[in-house]
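Student: I have a model open and would like to learn how to read its features one at a time. Where do we start?

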Amino acid sequence: MPGVEFRDLRQARSTKAPPACQATALKGAATISASGQGFNNIARAPEPAGILGEPSIMRGENLPVIFGLKLRKLREAKGLGLKEMSELSGMSISYLNEIEKGKKYPKADKILQLSNVLEVAYDDMVSLKLGGELDALGAFLDSPLIQALPLQMIGLAPRDVIELLSKAPKEVSVLIRTLVEIAGSYDMHVEHFFYAMLRSYQETHRNYFEEIEDAVSELLIKKGWGAPVSLQSLKDVLEKEYGIAIDEKVLGENPELSGFRSVWIEGPPERLLINPRLSERQKAFQLGREIGYRELGLKARGTTSSRAEVESFEQVLNDFKASYYSGALLINRAMLIDDLKKFFSKKRWDPQDFVEIMYGYRVTPEMFLYRLTQIIPTHFGLEHLHFHRVNHHLEGDTFHVNKQLNLAGPGAPMVFGEQEHVCRRWVAMNILRTLARNPQPESGIQPLAAAQRCRFMPEQEEYFLFSLARPLSLTPGTNTSVTLGVLSDEAFRETVKFHDDPALKLTEVHGTCERCPLEPDLCGQRVAPPEIHQSMAALEERDKRLVELLERLQGK
């Protein structure tokens, strides 16, 4: 299902900034905002009160829209059409229509005329209280959620949204109340919506952005860089051309910040703090992001490389673009296309060859597989794919799917509630268990590679999965796997010659054990009973019996 997210939506973000952010070593503009508050707890600057001391939701652009909504509601309650209203008020139909659509706000004398026709007090007409079924709409418009959403970035003005919502106010009222209750139950925050919007943005563009690819190509030509781009070349650009001081010590001296790959300090002078525990190519990725912000002209941005702070959707989008730029800079598009053509032409799946391609770019497994999600759909015509990352916490032997991109549509795996157990038949689970049994020293991390032919139940869509696993350098005791799944359709079978490698047995998999219909004797890896599947099956059987009963009785 497009856009379905694997992450645990109820996992609350920290609402406290790390104490070390205030350490003297980080003097300057380095701040990590605490944006993990609920909808009603988002920090905002005080706003002036609205007209007549009412809440300020309808100031500016929204005021005429809400007035128009009230006017239409009152007119319809009186049983008046626009023509009758025009005759009684002395105002033209077109003018009334523009008022009701929120395009014009009448002067005081006109409002008085309308209030007389509708037999409503003037104060009630200009009051910001909507009343009745429109109350939920007013609360929605006044919520930090709607104020935070970047409507203008997707071509919508607030009045467009209001007009859409007002078409069926009763139904909208129910919908809004439902959404608010769901958001509260799952502790969903505005940043969840920002990242959901980002995933939709990626999926709409098939996760391929030609303008960023072209910007990278221009830089490579201008600098005369070959592939792979060296770490020193990236440092030289940032230090000599942009005057940014690169510091690889401070984060290592602040244990509380050990989870951050980088921290940007606005300055002056500008500084980029790099975690010294990162590998050379992980450091290169952070430097590539910084170059991306500047080459793409991106202003709103995060202070850290992680999701510790979310100020706006523009920031989320810019952070994504900078990361995309860095990935394209480190993994050359033309070279990768050529490497994949050669690899896909092989008759047998060879994990070592797959790893060798990755090593050719000296990048991490996640950088490599994620780059494939950008290249494969556009340049190989394999449009139906999904990407997910699973972390295995060794101490509790728990698995957490914490990142996903779905370009596959229906048939891709789905994981539901936080209490459910991810299907252990996935190649991602198998490769993580293998890595746990054969731990590797951090100094010589060699990623494991595996592939799987699988059929996802109940849709019965067949996918070919590529998976890589390694220990996390910044999180001791945690291994991670990244998996790219491609729909095994006609286009895939024509492109990838090892699609039917007999060494890869076709395996049936599901999203979670709780939803899997396989009997225990058919699945020796089940870790939880199929309670949800059984419950749904019982409901289906009940509905079936009810239909049979009704047909039998109606037939008498």
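Tutor: Start with the segments: helices (H or I, at least four residues) and strands (E, at least two) are DSSP runs, numbered from the N terminus. In this chain there are 21 helices and 9 strands. The model is predicted, so to speak of local features pLDDT must be at least 70, side-chain atom pairs count only at pLDDT 80 or more, and totals for chains, interfaces and linings use all residues. Residues are numbered from 1 along each chain as its sequence is written, and side-chain values use heavy atoms, with hydrogens and water left out.

Student: How many residues does the chain have, and what percentage of them is buried?

Tutor: Buried means under 20% relative accessible area, exposed over 50%, and partly exposed in between (1.4 Å probe, protein chains only). Of the 556 residues, 49% are buried. Accessible areas come from the Shrake-Rupley method with a 1.4 Å probe, and for residues only the protein chains shown count as cover. The chain has an accessible surface of about 26800 Å², and carbon and sulfur atoms hold 53% of that.

Student: In what order do the strands of the 3-stranded sheet lie?

Tutor: Two strands pair if DSSP finds at least two bridges between them. The order is β1-β3-β2, in an open sheet with mixed pairing. β1 (245-247) and β2 are the edge strands, each pairing on one side only. For angles, axes are lines fitted to C-alpha atoms, for helices over the stretch in contact, and the values run from 0 to 180 degrees between N-to-C directions. Direction ignored, neighbouring strands here are turned by 15° against each other on average. Contact means heavy atoms within 4.5 Å. Helix α14 (residues 280-295) packs on this sheet and touches β1, β2 and β3, its direction making about 155° with that of β3.

Student: Which residues of β2 lie on each side?

Tutor: In a regular strand the side chains alternate between the two faces of the sheet. In β2 (residues 262-265), Ser 262 and Trp 264 lie on one side, Val 263 and Ile 265 on the other, and all are buried. The partner is β3 (residues 271-274), paired with β2 in the antiparallel sense over 4 bridges. Within that pairing, Ser 262 is opposite Ile 274. The hairpin has 5 residues between the strands, and Gly 267 there takes a positive phi near 85°.

Student: What covers the buried residues of α12?

Tutor: The cover includes α11 (210-223), β1, β3, α14 and α15 (313-330). In α12 (residues 231-241) the buried residues are Leu 231, Ser 233, Leu 234, Lys 235, Val 237 and Leu 238. Gly 243 follows the helix, with a positive phi near 65°.

Student: Which strands stand at the edges of the 6-stranded sheet?

Tutor: That open sheet runs β5-β4-β8-β7-β6-β9 with mixed pairing. At the edges are β5 and β9 (506-509); each has a single partner strand, so one side of each is left without a neighbour in the sheet. Neighbouring strands are turned by 30° against each other on average, direction ignored. Inside the order, β7 (residues 461-471) and β8 (residues 478-487) pair in the antiparallel sense over 9 bridges, and Phe 466 stands opposite Leu 484 in β8. Helix α17 (residues 351-361) lies across β6 (448-456) and β7, at about 65° to β7.

Student: How many salt bridges does the structure hold?

Tutor: A salt bridge is a side-chain nitrogen of Lys or Arg within 4 Å of a carboxyl oxygen of Asp or Glu. The structure holds 24. One of them joins Arg 333 and Glu 210, with the closest N and O atoms 3.0 Å apart. This pair links distant parts of the chain, since Arg 333 is in α16 (residues 333-344) and Glu 210 in α11, 123 residues apart. Arg 333 is buried at 18% relative accessibility, whereas Glu 210 is partly exposed at 36%.

Student: Which residue forms a salt bridge with Asp 247?

Tutor: Arg 271 does, with the closest N and O atoms 3.4 Å apart. Asp 247 is in β1 and Arg 271 in β3, 24 residues apart. Asp 247 is buried, with a relative accessible area of 17%.
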